[in-house]
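Please keep the sequence and the 3D view at hand while reading.

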Amino acid sequence: MSDAPTIRRVIELTETELDDLADVVLDGVADGAGFGFMDGITHERARTFWRGVADGVRQGDRALLVAEDEHGICGTVQLRFGQPDNQPHRGDVAKMLVHRRARRRGLGAALMTAIVAVARDEGKTLLVLDTATGGAAYRLYTRLGWQRVGEVPDYALNPDGSMCTTTFFYLRVGPG
């Protein structure tokens, strides 16, 4: 495998991929990123989460992209399709995670560019996401042209239990 991670869309997750994705979650939580998880999350709890994602992929409710380097999966992002009947044009970007070993090499931007392409291919014209205010992901989304909608104080907890302000963003990716 080359030095640059490769990005691909996953249809089925293998046991090894479940382990790799669980490791990405554990690495992120250890670094203070919550994305829905708290300190003390176990490897098995993270695997259970990814099994649920795999079920959603199989059911056509979401797209899952992974980035791989010579050590395995080092990044991921999802596009959730399941929307109310009056919002078939919208997709929710979720769980954009990059392992610390692969950061600062443009992988987050590459994952986001790839998920936007998936959204277009799936006929989505509007994407939304939320992230912790002021963090690295916040800065990335701003650089990539996502439009800030606003902040909600105390929207979620950080892994250590402290409160986290969350910023909501959107991006138009097609005719609207």
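## Salt bridges

A search of the whole structure finds 15 salt bridges, a salt bridge being a side-chain nitrogen of Lys or Arg within 4 Å of a carboxyl oxygen of Asp or Glu. The model is predicted: local features need pLDDT of at least 70 and side-chain atom pairs count only at pLDDT 80 or more, while totals for chains, interfaces and linings use all residues. Residues are numbered from 1 along each chain as its sequence is written, and side-chain values use heavy atoms, with hydrogens and water left out.

One of the salt bridges joins the side chains of Arg 58 and Glu 12, at 3.5 Å from N to O. Arg 58 lies in helix H2 (residues 43-58) and Glu 12 in the loop between strand E1 (6-10) and helix H1 (15-30), so the pair ties together parts that are 46 residues apart in sequence. Helices (H or I, at least four residues) and strands (E, at least two) are DSSP runs, numbered from the N terminus. Arg 58 is partly exposed at 45% relative accessibility, and Glu 12 is partly exposed at 46%. On this scale buried means under 20% relative accessible area, exposed over 50%, and partly exposed in between (1.4 Å probe, protein chains only).

## Further pairs and a network

Arg 100 and Asp 31 form another salt bridge, with their closest N and O atoms 3.8 Å apart. This pair links distant parts of the chain, 69 residues apart: Arg 100 is in the loop between strand E4 (90-98) and H3, and Asp 31 is in the loop between H1 and H2. Arg 100 has a relative accessible area of 40% and is partly exposed; Asp 31, at 40%, is partly exposed.

In the salt bridge between Glu 151 and Arg 148, the closest N and O atoms are 3.2 Å apart. Glu 151 is partly exposed at 41%, and Arg 148 is partly exposed at 43%. Elsewhere, salt bridges that share partners join Glu 15, Asp 19, Glu 44, Arg 47 and Arg 51 into one network.

## A buried charge without a partner

Asp 20 is in helix H1. Asp 20 is buried but has no salt bridge, and the nearest side chain of opposite charge, Arg 101, is 6.2 Å away. For charge, Lys and Arg count as positive and Asp and Glu as negative; His and the chain ends are not counted. Not counting residues up to four places away in sequence, Asp 20 touches Gly 72 and Ile 73; contact means heavy atoms within 4.5 Å.

## Nonpolar cores

The largest nonpolar core has 27 residues, of which Leu 79, Val 93, Met 112 and Trp 146 touch the most other members. Such a core is a set of buried Ala, Val, Leu, Ile, Met, Phe, Trp, Tyr and Cys residues joined through side-chain atoms within 4.5 Å. Elements that each supply at least two residues include strand E2 (62-69), strand E3 (72-80), E4 and H3. H3 gives the largest share, 7 residues.

Beyond its neighbours within four places in sequence, Leu 79 is in contact with residues including Val 93, Ile 115, Val 118 and Leu 127. A second, separate core of 20 residues includes Trp 50, Leu 64, Val 66 and Ile 73.

## Helix H3

Helix H3 (residues 107-121) has 15 residues and reaches 21 Å from its first C-alpha to its last, close to the expected 21 Å; the expected span is 1.5 Å times one less than the number of residues. Buried residues in H3 include Leu 107, Leu 111, Met 112 and Ile 115. H3 is followed by Gly 123, which has a positive phi near 85 degrees.
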